[in-house]
Amino acid sequence: MRSPEDALDTRIGARLTELRTQHGWSLGELAERSGVSRSTLSRAERAEISPTASLLNRLCHVYGRTMSQLLSEVEAAPAPLVRAAGQQIWEDRDSGFVRRSVSPPHPGLRGELVEGRLAPGADIAYDRPPVTGLEQHLWVLDGTLEVTDGEQVHHLEPGDCLRMRVFGSTRFRCAGPVEARYVLAVVRP
């Protein structure tokens, strides 16, 4: 019996294949555009690996969508009310990052809410935004978080809110001895 995580990886892989095919790209062309090896792309499309947050971010950048948009595309049609038990959870097991899509994206809306959790010591770096100019409002609920936007480093504690428009690299690091939990409001340009 497949776990829910395996089933999600299979749906993500199928959607990645669809997107590449819609653009008329070979795996080699996508590898050149994304900076991800052809073999890793192939394994992700076949759900032989669970894609990392960094990998999905690179692909989202190439396809011009947010990670939430990509994840919502592998779900059933979104309902106006999403109960806590029905919110999509995705985990990057390698980095210790857990992402809950609190309010999934909708074609008629530009904003969405995401809950992020980083294990102590977790460190995730994105070399580019999934969508250039993406607006983000990050509100720390628990723990401490270090966020780097380009060259600017921000040390955030519970209750702090960081607002930024993302044009370049970002990094999220759990800077304390306990899990960092935060809400991220994402607004597409």
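Tyr126 is tucked away in this predicted model: the residue counts as buried, with a relative accessible area of 11%. Its ring pairs up with that of Phe172 in an edge-to-face arrangement, 6.1 Å from centre to centre with 75° between the planes. That pair ties together distant parts of the chain, since Tyr126 sits in strand β4 (residues 123-126) and Phe172 in strand β9 (residues 170-174), 46 residues apart.

**Aromatic rings**
- Phe172 is buried too, at 6% relative accessibility.
- Tyr182 joins in as well: ring pairs link Tyr126, Phe172 and Tyr182 into a cluster.
- In total, the structure has four aromatic pairs.
- Another of them brings together Trp90 and Phe97, whose ring centres are 6.4 Å apart and whose planes meet at 75°, so this pair is edge-to-face.
- Both partners are buried: Trp90 has a relative accessible area of 2%, and Phe97 has one of 5%.

**Overall fold**
- Along the principal axes, the C-alpha trace spans about 45 × 35 × 35 Å.
- Take the contacts between residues at least 6 apart in sequence: 66% of them join residues at least 24 apart.

**Surface and charge**
- Of the 189 residues, 46% count as buried.
- The accessible surface is about 9,500 Å², and carbon and sulfur atoms account for 51% of it.
- There are 23 positive and 25 negative side chains, with the centres of the two sets 5 Å apart.

Definitions and conventions. Residues numbered from 1 in each chain as written. Predicted model: local features only at pLDDT ≥ 70, side-chain atom pairs only at ≥ 80, totals over all residues. Heavy atoms only, no water. Buried < 20%, exposed > 50% of the residue type's maximum accessible area, 1.4 Å probe, protein only. Contact = heavy atoms within 4.5 Å. Areas by Shrake-Rupley, 256 points an atom, 1.4 Å probe, with all protein chains shown as cover. Lys, Arg positive; Asp, Glu negative; His and termini not counted. Charge placed at Lys NZ, Arg CZ, Asp CG, Glu CD. Phe/Tyr/Trp six-rings, centres within 6.5 Å; stacked < 30°, edge-to-face > 60°. Helix = DSSP H or I, 4+ residues; strand = E, 2+ residues; numbered from the N terminus.
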